[in-house]
Amino acid sequence: MKAIVVTDEAAGTAGMMLAKRPQPEAAGNDVLVEVHASGFTPGELTWPSTWTDRLGRDRTPSIPGHELAGVVSALGYGTTGLSVGQRVFGLTDWTRDGTLAEYAAVEARNLAPLPGDVDFTVGASLPISGLTAWQGLFEHGRVQAGQSVLVHGAAGGVGSIVTQLAREAGAYVIGTGRAADRQTALDFGAQEFVDLENDALEDAGGVDLVFDVIGGDIGRRSAGLVRAGGTLVTIAGPPEARPADGRAVDFVVEADRAQLKEIVQRVRDGRLRTVIGNVATLEDAVAAFNPTERVKGKTIIRVRP
Ligand SMILES: NC(=O)c1ccc[n+]([C@@H]2O[C@H](COP(=O)([O-])OP(=O)(O)OC[C@H]3O[C@@H](n4cnc5c(N)ncnc54)[C@H](OP(=O)(O)O)[C@@H]3O)[C@@H](O)[C@H]2O)c1
């Protein structure tokens, strides 16, 4: 099969290559998925799981990309819950070959049915940002109606979904980002916006929950924005500062079928939308992941037209 592979960690996205790889086989409890659309996060190329398996053994050439939408083409031994021919989408194991390929073998429990009225391109854009937003807000942040939530990067992939879900949950949402992102964040439902380039972040303090996707200096200053008993949730690595009287949680997104179903239902009925920036073919994927100009929104690879 055709796949994008990486062999050299130092080369980054410039080291991605289109290659021929053996079609994977569905192991126990897996499904084999005919990939229609695939999502990739550039940060993957810095994660150990891209280069080694769970025992730390070299697994290159590795196929990156861990979001997919496609059709089940075979079941592994003992696999239940999904059937051949079913449309599916989801987040695949970080330590196995990924989704920038014509086929991917995935544990069935990591996938959810993709309704027939949701395009594969949209399906592949949902798993990481959707699950990260859901888990950060509801599991780790325990958001409640009436609470205030400050969402960093509210115009970005994760932040825009956090903003929409938090509003739907009845929270008061303050979005942040660059000056140019103000209208986008407000369009996603933020009720206020803090321009991190020009406004004083500290003026927005006293919130129940901060959802940080940026880290660094913004992450350090965010701890002080949390009211007593509130929570700082971060996806940008271990927090360098913690709220004086509150919780700090950092986490890595996990696959979850029930949450994927909740997310895709919201896309179907118009409560949730993702930002898709560029759609390219597998043949053009390397160029798409090495753009000469900044692309806003997620790049999705349409593996089958
Ligand atoms: N832990 C996990 O499980 C997990 C899961 C998903 C994502 N992540 C990580 O979370 C981060 C965000 O992911 P994403 O998909 O939401 O990225 P994204 O789409 O690029 O969104 C980030 C947003 O924050 C803005 N931003 C970044 N730095 C800023 C700064 N210093 N000042 C003002 N605005 C700033 C960006 O603006 P510009 O585009 O203009 O820079 C963008 O609008 C990434 O590092 C990703 O790897 C972690």
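A polar contact is a pair of N or O atoms within 3.5 Å; within protein, one atom must be able to donate a hydrogen and the other to accept it, and residues adjacent in sequence count only if both atoms are side-chain atoms. The model on display is predicted: local features need pLDDT of at least 70, side-chain atom pairs count only at pLDDT 80 or more, and totals for chains, interfaces and linings use all residues. Residues are numbered from 1 along each chain as its sequence is written, and side-chain values use heavy atoms, with hydrogens and water left out.

**Stop 1: the ligand**

Of the 18 residues around the ligand, the nearest are Gly-157, Val-158, Arg-178, Val-253 and Arg-294. Begin with Val-158, where a polar backbone atom is 2.9 Å from an oxygen atom of the ligand. Then select Arg-294, which has a polar side-chain atom 2.9 Å from an oxygen atom of the ligand. On its own the ligand has 910 Å² of accessible area, of which the protein covers 70% (Shrake-Rupley method, 1.4 Å probe; for residues, only the protein chains shown count as cover).

**Stop 2: the largest pocket**

Rolling a probe the size of a water molecule over the atoms shows where empty space is left. On a 1 Å grid over the protein atoms alone, a pocket is an open set of points with protein on both sides within 12 Å along at least five of seven lines, a cavity is a set where a 1.4 Å probe fits but cannot get out, and lining residues have an atom within 4 Å of a point. Points are joined across faces, edges and corners, and a volume is the space filled by probe spheres set on them.

The largest pocket holds about 1700 Å³ of space. It is lined by 47 residues, and Thr-41, Gly-156, Gly-157, Val-158 and Arg-294 are the closest to its centre. Now colour helix H3 (127–140), helix H4 (157–168) and strand S15 (298–302), the elements that give two or more residues to this lining; helices (H or I, at least four residues) and strands (E, at least two) are DSSP runs, numbered from the N terminus. H4 provides the largest share, four residues.

The domain bounds come from an automatic or database domain assignment.

**Stop 3: the second largest pocket**

Move to the second largest pocket, with a volume of about 310 Å³. Its lining has 18 residues, with Trp-94, Asn-110, Val-253, Glu-254 and Ala-255 closest to the centre. H3 contributes the most to this lining, namely three residues. Domain 1 and domain 2 each supply at least three residues to the lining of the second largest pocket.

**Stop 4: the cavity**

One cavity of 30 Å³ or more is counted, and the largest cavity has a volume of about 40 Å³. To find it, select Thr-92, Asp-93, Arg-96, Ala-105, Val-106, Glu-107 and Asn-110, which line it.

**Stop 5: two backbone details**

Select Thr-60 and Pro-61, joined by a cis peptide bond with omega about 0 degrees. Pro-61 is in the loop between helix H1 (48–51) and strand S4 (67–75). Asn-29 sits in the loop between strand S2 (17–20) and strand S3 (30–39).

Technical notes:
A residue is near a molecule or strand if one of its heavy atoms lies within 4 Å of it.
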